[in-house]
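Subject: Structure handover

Hi,

Here is the structure I promised to pass on to you. Please open it alongside this email, and then read on for what turned up in it.

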Amino acid sequence: MFRPLELFIGLRYTRAKRRNQFISFISAVSIICIAISVTALIAVMSVMNGFDDELRTRILGAISHATVNSMPGESMQNWQQAVKVAESNPHVKGAAPYVEGQAMLLARRSSGAIVRGIEPEQEPKVSELGTHMVEGALTDLKPNSWNIVLGKELALSLGVNVGDKVIMVVPEFRGTPMGSVPRQRAFTITGIFELGMQEFDSGLALVNMSDAEKLNDLTGPTGVRLRLDDLFNANPVAQELAEKFGQSYRVETWLQSHANFFSAISMEKKVMFIILSLIILVAVINLISMLMMLVTDKQADIAILRTLGSTPLSIMGMFMVQGVLVGFVGIGFGVGLGSLLSWRLPQIVKVIEHVFHVTFLSPDIYYISELPSKLQASDVAWVALITFLFSLLATLYPAWRASRTQPAQALRYE
C-alpha cells in the first residue's frame, strides 16, 4: 500500500468527484485568493524598496557617506593628513575637503541656503552632483572666480538664471567705521543642478572652497567628505576612524544626519507589511471554510478509517495534507506572479500611462518620473514563509474536528 497513508488519502481528496465538485471549486478559489494576496504583497514591498533605494541614491548623491569634521568654527589645519588616514581604510573609496556654512542669498528675491565650498576636481570622488547639472559645470568654480552653482528650485525662488549676480551674506561680522557688519560678496551664477530632492534643489549652493574660506575668514576646510564601498559600512568605518583621530576630529555618517528620515521609511515598510499580511489572513479564511466543508462531507469516510484502526493523529494528518497543499500551490503561483510583476512593473506602468493618457507620478510633484521597483529575495522569502504558516495554522482546527469524529454517530444513518 502507498505510504505514508495520510499523504495518499489527502492527495486523493484534492481530486474532483461528483459529490464534492463544489468543495473542489472552493479549493480553487482558495488557491487563487492566496496567490493574489502573495502577488500583491510582493509587488507592494518591491515598490517600497524601489522608493527607498531611489531616495537613498538621490540623497547620497548630494551628501557623503561619512564626514570627518573639525570642531565648530575651526578649520582643519592638517586636512591633507586626515585625507591620507581616511583613504588608508580599505572601505574608503574617495575623500575630498569641503567648507560648509549657512548664508543669505540676495537677488530679485532673498532666500537662505547651505553654501558648500568644494574642490571641483575632487568632488566626483565623493558625490554625483556633477552628473546632475542642468546648466554649466562644476569645473567653472575656479579659485578666486567668485562663481556659484545653485539648485534649480533655489534659482527659481531667487528669480535668477545663469549669468546673473547674487549677493551672499554670511553670519561673520567684520569691524568698520560704522560698526560691525556681516561679510558679503557678489557671486556670478555659472551653473544650475537638479538632484530631484527638494531639500537640496531649494537649499544648496556650491562655490569654490578657497572662495568659501576667504568669505568665512577660514584658513582651511571645515571637514573632509568620504565615499565608502558600501554605504551600510558607515558605522564600522566611522568607529575605526574615530579611534585613529582621537579627540582631534568628529566623525559622522549619513545614518546620523538622516536617521529620522530613513527610520520613518523603514517603519512605514514594516507597518505596510503587517497591514498587507491581513489580506493573506483573509484569503486563508477561505481555506478554513473549504476544509470544514470537506470534513462534513467525509464524515462517513472518516468513520470507516477509524474502524479500520486509523488514529486521531492520522486523521488530522490526512486533512492537513490537503490544506497545506492548497496553501503551497497558492504560494507558488503568488511568488511567481509577484516576482514577474515586480520585475516588469515600471514597464507595465508606462504602458498603462500611454494607453489611458494618465500620469501616476508627476515629476513636478514627486521628482520621480518612473515608478521604482526593487525585488529582494529576503522579502519574497518572508512573504512565502508567513503565508505558509498561516495556511498551516488554518488546517489545525478543521483537522482536529475531523479527528474527533465518532464512528458510531457518523455511520448511524449510512
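Predicted model: local features only at pLDDT ≥ 70, side-chain atom pairs only at ≥ 80, totals over all residues.

The protein chain has 414 residues, and 46% of them count as buried. Its secondary structure comes to 14 helices and 10 strands. If you take contacts between residues at least 6 apart in sequence, 79% of them join residues at least 24 apart.

The largest pocket holds about 750 Å³ of space. It is lined by 34 residues, and the closest to its centre are Asn-69, Tyr-98, Glu-100, Gly-101 and Thr-222. Several elements supply at least two lining residues each, among them strand S1 (66-69), strand S3 (110-118), strand S6 (165-176) and helix H5 (198-201). Strand S10 (250-253) and helix H8 (254-257) are also on that list. Which element gives the most to this lining? That is S2, with 5 residues; this strand covers 92-106. By class, the lining of the largest pocket is made up of 14 polar, 12 nonpolar and 8 charged residues.

The second largest pocket has a volume of about 340 Å³. Among its 21 lining residues, those nearest the centre are Asp-52, Asp-53, Arg-56, Phe-232 and Gln-376. Two or more lining residues come from each of helix H2 (21-60) and helix H9 (259-297). H2 gives the most to this lining, with 7 residues. The lining of the second largest pocket divides into 8 charged, 7 nonpolar and 6 polar residues.

There is also 1 cavity of 30 Å³ or more in the structure. About 50 Å³ of space lies in the largest cavity. Its lining consists of Val-99, Glu-100, Gly-101, Gln-102, Ala-103, Val-115, Val-170, Ala-212 and Asn-216. S2 gives the most here too, with 5 residues. Glu-100 and Gly-101 line this cavity, and both are also listed among the residues closest to the centre of the largest pocket.

Where does H13 bend? The bend is at Leu-396, by about 25°, and Pro-398 follows within four residues. Pro-398 is itself buried, and other buried residues of H13 include Val-380, Val-383, Ala-384, Thr-387, Ser-391, Ala-394 and Thr-395. As background for reading that list, an α-helix has 3.6 residues a turn, so residues three or four places apart point the same way.

Finally, a residue from the start of the chain. Ile-9 sits in helix H1 (residues 5-13). Is Ile-9 buried or exposed? It counts as buried because its relative accessibility is 11%, under the 20% cut-off. Leaving aside residues up to four places away in sequence, Ile-9 touches Leu-305 and Met-318. Ile-9 and Met-318 are 309 residues apart in sequence, yet their C-alpha atoms are 6.1 Å apart in space.

Technical notes: Residues numbered from 1 in each chain as written. Heavy atoms only, no water. 1 Å grid on protein atoms, 1.4 Å probe; cavity = no way out; pocket = protein on both sides within 12 Å on 5 of 7 lines; lining within 4 Å. Points joined across faces, edges and corners; volume = space filled by probe spheres on them. Nonpolar A, V, L, I, M, F, W, Y, C, P; charged D, E, K, R; others polar. Bend = angle between axes of the 7 residues up to and from the residue. Buried < 20%, exposed > 50% of the residue type's maximum accessible area, 1.4 Å probe, protein only. Contact = heavy atoms within 4.5 Å.
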